[in-house]
Amino acid sequence: MAKQEKQMCPHRCPLCALYEAQEGFQQGVRECLPPEVSGHVNQAGRELLLAVRALLDRGLGAVASEPKPGSRRKAQKVKVE
């Protein structure tokens, strides 16, 4: 079977033009970079996302572990001579 040709948007809306530009850019990058480099770049992107996820999880854990405003200790009276 022959590849079907992509149908262009008859209205040339901005969203379709952006999508086509993205596809063109990705194709150009694929042609310029060897497959090994592309694999390493993809893996680095995954590692970055995992690091951001860990950072967010830690921040959310710190916020959840903070004492609530109503859980303060009661004031103690101290006798001063």
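Tutor: Residues are numbered from 1 along each chain as its sequence is written. In this predicted model, local features need pLDDT of at least 70, side-chain atom pairs count only at pLDDT 80 or more, totals for chains, interfaces and linings use all residues, and side-chain values use heavy atoms, with hydrogens and water left out.

Student: How many helices and strands are there in the protein chain?

Tutor: Two helices and zero strands. Both kinds are DSSP runs, numbered from the N terminus: helices are H or I with at least four residues, strands E with at least two.

Student: What makes Cys-16 partly exposed?

Tutor: Its relative accessible area is 28%. Buried means under 20%, exposed over 50%, and partly exposed lies in between (1.4 Å probe, protein chains only). So Cys-16 falls in the middle class.

Student: Why is Cys-32 called exposed?

Tutor: Cys-32 has 65% relative accessibility, so it passes the cut-off of over 50%.

Student: How much of the protein chain counts as buried?

Tutor: Of its 81 residues, 1%.

Student: Which residues line the largest pocket?

Tutor: Gln-26, Val-29, Arg-30, Leu-33, Ser-38, Val-41 and Asn-42. Two or more come from each of α1 (14–32) and α2 (35–65).

Conventions. 1 Å grid on protein atoms, 1.4 Å probe; cavity = no way out; pocket = protein on both sides within 12 Å on 5 of 7 lines; lining within 4 Å.
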